[in-house]
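Visitor: I would like to learn how to read a structure with two chains, going slowly from one feature to the next. Could you guide me through it?

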Amino acid sequence: MDGIADLGGTPGWGPVHPPRRDEPVFEEPWQGRAFALTSLSGRIAFGGVNLDAFRHALERLDRAAYLDDGYYGRWLNGAELMLTDSAVLAPGAIHARARNLRGEHVEEPPIPEPAVPDYAPSAEGSLRSVDTAPAFAVGERVRTKPMSVPGHTRLPGYARGHTGIVEAVQPAFVLPDTNAHFQGENPQYVYSVRFDSRELWGADAEPFAVTAELFENYLETTS
Amino acid sequence: MTPTHGGPGEAPPVALRTEALEQLLTERGLIDPKAMNEVITTYETNVGPLNGAKVVARAWTDPEYRRRLLRDGTTAIDELGFSGRQGEHIVVVENTATTHHVVVCTLCSCYPWPVLGLPPSWYKDPAYRARVVKEPRTVLSEMGLELGDDVRITVHDSTSEVRWLVLPERPAGTEHLSEEQLVPLVTREAMVGVAKVAAP
């Protein structure tokens, strides 16, 4: 979807931060807790592991919820969204409890009737096998569809409506666009598509190439 | 310094909201504190860039392993005992004097956990995610890596469950070093493609 998460090529971020030596895995203890809580919340909110639904929760966050608390804060806010979507938690439950933890006396919302999706993945992970042959071959010119979908997709905005060359045919994976919405796994081949920088960014771009890993659905032939 | 509690009326800070969520799920028996601690310990101590460094050092010293690694990364990495979440299908690409690969995830922060652990802050930074697909040479230069004009750059955007590991160039002057001696030279930055490996 066209949300804050789709950052490729967006302006205004300033310089990158050079690597720091010996950066700890979790800079503060709460970050490790938020990471573990979110990792374990998927099963509680969805009934089974669904990475795509998790990523869709992250991309639905508003700008502040996505950026202001850093990476693990984003995970925590995503976990809250997943758990309130499934009515495991009432909206506002986390805030109310957090206030009570610092000594305020606020009423906490009652526990709602859970509405966890009826969902079970057909196998662990995202790799699947399909019976059909790949639709595109290595070396073939393909164009990405100029799609703008309201739901989840893994076709980044900067790579939509552009022509590239299939560099490799990867195995088939669960299709995020439907799986994120619990509408089926629909496994498809993934293609490593190579784009010339000038195709993506115009004639004045630095010379380089980008490869993106694109599902069969995102691609069409150029002729 | 981030306030840990905030004042009444202010939105509670993230550390406190994390504690609140843990309490809410634990008191209803939805989360096992032991499972929580296991997840944290795994990624704090067992799974990190040392795994990837062992893969690289093996590839530098064993040409047959290097061939297998470049042909089928997942299987060759599994040979050394590394597999698991975010490592279902790992593709390894090799940096040379004239070919440079660098990895990003513009849509989130996908990263090959079994070989590199959880991503460092610079990899998750919006500036890196936004800019490296548009001006990689400039971004790499800001990170301290200057590449000659004759070097062809490929940026790999991890938009699916395929994960990327860069096999860096073995630095000149390390011919006499053993596999074990090479391991500590290999940095996570070199295995993402934002740095080269320096000779000791």
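Visitor: Which side chain meets that of A:Asp2 in a salt bridge?

Guide: Before the answer, a word on the model: it is predicted, so local features need pLDDT of at least 70 and side-chain atom pairs count only at pLDDT 80 or more, while totals for chains, interfaces and linings use all residues. Residues are numbered from 1 along each chain as its sequence is written, chains are lettered from A and ligands numbered from 1 in the order in which they are written, and side-chain values use heavy atoms, with hydrogens and water left out.

Guide: Side chains of opposite charge can pair when their charged atoms come close. A salt bridge here is a side-chain nitrogen of Lys or Arg within 4 Å of a carboxyl oxygen of Asp or Glu. The partner of A:Asp2 is A:Arg160, at 2.8 Å from N to O. Because A:Asp2 lies in the segment before α1 of chain A and A:Arg160 in the loop between β2 (141-144) and β3 of chain A, the pair ties together parts that are 158 residues apart in sequence. Helices (H or I, at least four residues) and strands (E, at least two) are DSSP runs, numbered from the N terminus.

Visitor: Is A:Arg160 buried or exposed?

Guide: Buried means under 20% relative accessible area, exposed means over 50%, and partly exposed lies in between, with a 1.4 Å probe and protein chains only. A:Arg160 has 14% relative accessibility, so it counts as buried.

Visitor: Which residue of chain B meets A:Asp69 in a salt bridge?

Guide: That residue is B:Arg17, at 2.8 Å from N to O. A:Asp69 lies in the loop between α3 and α4 of chain A, and B:Arg17 in helix α1 (residues 14-27) of chain B, so this pair joins two chains. A:Asp69 is partly exposed at 23% relative accessible area, whereas B:Arg17 is buried at 8%.

Visitor: How many salt bridges does the rule find across the interface of chain A and chain B?

Guide: It finds 4 across that interface, and the count over all chains comes to 24. One that stays within chain B is formed by the side chains of B:Arg67 and B:Glu64, at 3.1 Å from N to O. Both residues lie in helix α4 (residues 63-71) of chain B, 3 residues apart, which is about one turn of the helix. B:Arg67, at 45% relative accessibility, and B:Glu64, at 37%, each count as partly exposed.

Visitor: How many residues of each chain are in contact across the interface?

Guide: Contact means heavy atoms within 4.5 Å, and by that rule 80 residues of chain A are in contact with 81 residues of chain B. Buried area is the accessible area (1.4 Å probe) that two parts lose on being put together, summed over both. Between chain A and chain B it is about 7,000 Å², with 62% given by carbon and sulfur atoms. On the side of chain A, A:Val16, A:Arg33 and A:Arg102 lose the most area to chain B, together 10% of what that side buries.

Visitor: Which strand of chain B pairs with β5(A)?

Guide: Two strands pair if DSSP finds at least two bridges between them. Strand β3 (residues 152-157) of chain B pairs with β5(A) in the parallel sense over 4 bridges. Along this pairing, B:Thr154 is the bridge partner of A:Ala209, and A:Val210 stands opposite B:Val155. Within chain B, 6 bridges join strand β2 (residues 99-104) to β3(B), and these strands run parallel; here B:Val103 stands opposite B:His156. Because 5 of the 6 residues of β3(B) are buried, this strand is largely enclosed by the rest of the structure.

Visitor: Where does A:His162 lie?

Guide: A:His162 lies in the loop between β2 and β3 of chain A, and at 16% relative accessibility A:His162 counts as buried. A polar contact is a pair of N or O atoms within 3.5 Å; within protein, one must be able to donate a hydrogen and the other to accept it, and residues adjacent in sequence count only if both atoms are side-chain atoms. Such a contact, of 3.1 Å, joins the side chains of A:His162 and A:Glu199. Not counting residues up to four places away in sequence, A:His162 touches several residues, among them A:Val142, A:Phe195 and A:Leu200.
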